[in-house]
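Trainee: I have just opened this one and would like a short walk through it. Can we start with a single residue?

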Amino acid sequence: MPIVEISIVAGRPPEKVRDLIHQVHAAVRDSLDAPDGAIRVLVREIPPEHWAARDITKAEQAEQEASHER
(Lines give C-alpha, C1' and ligand atoms only; values in the text may rest on other atoms or scores of the structure.)
Protein backbone atom coordinates (compact mmCIF):
# COMPACT_ATOMS: atom_id res chain seq x y z
CA MET A 1 0.00 0.00 0.00
CA PRO A 2 1.74 3.21 -1.11
CA ILE A 3 1.51 6.03 1.43
CA VAL A 4 2.61 9.51 0.37
CA GLU A 5 3.06 12.13 3.09
CA ILE A 6 3.28 15.78 2.10
CA SER A 7 3.92 18.71 4.45
CA ILE A 8 3.04 22.20 3.23
CA VAL A 9 2.65 25.59 4.84
CA ALA A 10 -0.98 26.21 5.72
CA GLY A 11 -2.95 28.83 3.85
CA ARG A 12 -3.64 27.48 0.40
CA PRO A 13 -7.23 27.30 -0.82
CA PRO A 14 -8.86 23.90 -0.23
CA GLU A 15 -9.30 23.35 -3.97
CA LYS A 16 -5.51 23.67 -4.48
CA VAL A 17 -4.85 21.07 -1.78
CA ARG A 18 -7.50 18.81 -3.32
CA ASP A 19 -5.84 19.15 -6.73
CA LEU A 20 -2.48 18.26 -5.17
CA ILE A 21 -4.00 15.10 -3.70
CA HIS A 22 -5.52 14.21 -7.07
CA GLN A 23 -2.28 14.76 -8.99
CA VAL A 24 -0.14 12.83 -6.49
CA HIS A 25 -2.65 9.96 -6.41
CA ALA A 26 -2.58 9.74 -10.21
CA ALA A 27 1.24 9.85 -10.29
CA VAL A 28 1.51 6.99 -7.79
CA ARG A 29 -1.15 4.95 -9.58
CA ASP A 30 0.46 5.44 -12.99
CA SER A 31 4.09 5.01 -11.95
CA LEU A 32 3.59 1.99 -9.67
CA ASP A 33 0.51 0.41 -11.28
CA ALA A 34 -1.03 0.59 -7.81
CA PRO A 35 -4.77 0.05 -7.47
CA ASP A 36 -6.71 3.20 -6.53
CA GLY A 37 -7.99 1.68 -3.29
CA ALA A 38 -4.49 0.97 -2.05
CA ILE A 39 -3.11 4.52 -2.37
CA ARG A 40 -3.03 6.87 0.60
CA VAL A 41 -2.12 10.56 0.31
CA LEU A 42 -1.67 12.48 3.55
CA VAL A 43 -1.35 16.26 3.48
CA ARG A 44 -0.19 18.02 6.63
CA GLU A 45 -0.68 21.74 6.75
CA ILE A 46 1.86 23.34 9.05
CA PRO A 47 1.10 26.78 10.53
CA PRO A 48 3.47 29.44 9.13
CA GLU A 49 4.68 30.08 12.69
CA HIS A 50 5.91 26.47 12.86
CA TRP A 51 7.76 26.34 9.50
CA ALA A 52 11.22 27.88 9.34
CA ALA A 53 14.21 28.09 7.04
CA ARG A 54 17.45 29.84 8.04
CA ASP A 55 15.94 30.52 11.49
CA ILE A 56 13.14 32.63 9.99
CA THR A 57 9.59 31.36 10.15
CA LYS A 58 7.30 31.71 7.15
CA ALA A 59 5.16 34.06 9.26
CA GLU A 60 8.17 36.28 9.99
CA GLN A 61 9.17 36.18 6.33
CA ALA A 62 5.68 37.30 5.28
CA GLU A 63 5.82 40.15 7.81
CA GLN A 64 9.22 41.24 6.50
CA GLU A 65 8.00 41.17 2.89
CA ALA A 66 4.87 43.13 3.80
CA SER A 67 6.89 45.81 5.59
CA HIS A 68 9.19 46.19 2.55
CA GLU A 69 6.16 46.72 0.29
CA ARG A 70 4.90 49.64 2.39
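Trainee: Does H25 count as buried or exposed?
Mentor: H25 counts as buried because its relative accessibility is 19%; buried means under 20% relative accessible area, exposed over 50%, partly exposed in between (1.4 Å probe, protein chains only). This is a predicted model, where local features need pLDDT of at least 70, side-chain atom pairs count only at pLDDT 80 or more, and totals for chains, interfaces and linings use all residues. Residues are numbered from 1 along each chain as its sequence is written, and side-chain values use heavy atoms, with hydrogens and water left out.

Trainee: Where does H25 lie?
Mentor: In helix α1, residues 14-32. Helices (H or I, at least four residues) and strands (E, at least two) are DSSP runs, numbered from the N terminus.

Trainee: And what is H25 in contact with, leaving aside neighbours within four places in sequence?
Mentor: D36, I39 and V41. Contact means heavy atoms within 4.5 Å. On the same terms, V24 is in contact with V4, I6 and V41.

Trainee: Which residues form the largest nonpolar core?
Mentor: That core has 8 residues: I6, I8, V17, V24, V28, A34, I39 and V41. α1 gives the most to this core, with 3 residues. A nonpolar core is a set of buried Ala, Val, Leu, Ile, Met, Phe, Trp, Tyr and Cys residues joined through side-chain atoms within 4.5 Å.

Trainee: New topic. Is M1 buried or exposed?
Mentor: M1 counts as exposed because its relative accessibility is 64%. M1 is found in the segment before β1 (3-9).
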